[in-house]
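Thanks for coming. Please look at the sequence and the model on the screen, and then I will go through a few features.

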Amino acid sequence: MSDQNQPFFSIQRAYLKDLSLEQPNSPAIFLEQEMPTVEVQLDVAAERLAEAIFEVVVIATVTAKIKDKVAFLVEGKQAGIFEIRNVPAEQLDPLIGIACPTIVYPYLRANVADAISRAGFQPIHLAEVNFQALYEQRLAQLAEQQAANGETPAPGIVMPDGSSAQTH
């Protein structure tokens with residue numbers, strides 16, 4: 001068997017795709033004495049860029065409020081370009097939904113903490129994430145939706161909204 005048929009998985013590049021910061025109530029918010037409440041939303045997206053090239057994006061939205069006022073809102077999109085070849089179809093989806101976000105997420109955590117710190121607030125370090133649990137939860141939700149609609153499961157990469165990943 002030649003090396004050309006061996007499974008291959010490699011990250012080509014990790015990059016910050018988008019980062020936004022809003023402080024709608026500054027500078028008055030800095031005079032507040034209360035600790036903010038923080039809400040974190042996390043999502044994963046994937047897109048096939050070429051035959052064996054995929055972009056995987058981990059998206060975090062962090063909103064901090066003091067009373068009913070937004071102290072800050074940070075949205076970050078950390079991406080990675082991955083080359084994946086000779087991987088069986090049934091292993092491709094978990095690879096893109098679990099392994100790729102696990103590689104990209106630490107970069108996102110650092111960038112979000114840095115943005116919050118540079119905005120003048122105590123940095124918020126996002127918690128570790130079990131992407132396998134998120135992936136399994138997403139599959140279960142998709143199976144429930146498809147069963148409710150009388151559909152048969154479609155093969156391919158499952159996106160957060162239950163659709164298949166975009167292919168070009």
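**Helices, spaces and loops**

Helix 2 contributes four residues to the lining of the second largest cavity, the most of any element. Helices here are DSSP runs of H or I with at least four residues, strands are runs of E with at least two, and both are numbered from the N terminus. Before going on: this is a predicted model, where local features need pLDDT of at least 70, side-chain atom pairs count only at pLDDT 80 or more, and totals for chains, interfaces and linings use all residues. Residues are numbered from 1 along each chain as its sequence is written, and side-chain values use heavy atoms, with hydrogens and water left out.

Back to that cavity. Its lining consists of V44, G97, F131, L134, Y135 and R138, and its volume is about 30 Å³. By class that is four nonpolar, one polar and one charged. Ala, Val, Leu, Ile, Met, Phe, Trp, Tyr, Cys and Pro count as nonpolar, Asp, Glu, Lys and Arg as charged, and the others, Gly among them, as polar. A cavity is a set of points on a 1 Å grid over the protein atoms alone where a 1.4 Å probe fits but cannot get out; a pocket is an open set with protein on both sides within 12 Å along at least five of seven lines; lining residues have an atom within 4 Å of a point.

How do helix 1 and helix 2 cross? The crossing is right-handed. The axes of helix 1 (residues 89-118) and helix 2 (residues 131-148) come within 9 Å and cross at roughly 145°. On the helix 1 side, the contact (heavy atoms within 4.5 Å) involves D93, P94, G97, I98, P101, T102 and Y105, and on the helix 2 side F131, Q132, Y135 and L139. Seven of these contact residues are nonpolar, three polar and one charged.

Next, the largest pocket, which holds about 250 Å³ of space. Among its lining residues are I29, F30, E34, P36, F72 and F121.

E34 sits in the loop between strand 1 (8-22) and strand 2 (37-50), and K67 in the loop between strand 3 (53-66) and strand 4 (69-85), 33 residues apart. The structure holds seven salt bridges, each a side-chain nitrogen of Lys or Arg within 4 Å of a carboxyl oxygen of Asp or Glu.

Last, the backbone. Most residues other than glycine have a negative phi, and most peptide bonds are trans. K67 has a positive phi, near 60°. The peptide bond from S26 to P27 is cis, with omega near 5°, and P27 lies in the loop between strand 1 and strand 2.

Notes: Axes are lines fitted to C-alpha atoms, for helices over the stretch in contact, and angles run from 0 to 180 degrees between N-to-C directions. A crossing is left-handed if the near helix is turned anticlockwise from the far one by less than a right angle, and right-handed if clockwise. Grid points are joined across faces, edges and corners, and a volume is the space filled by probe spheres set on the points.
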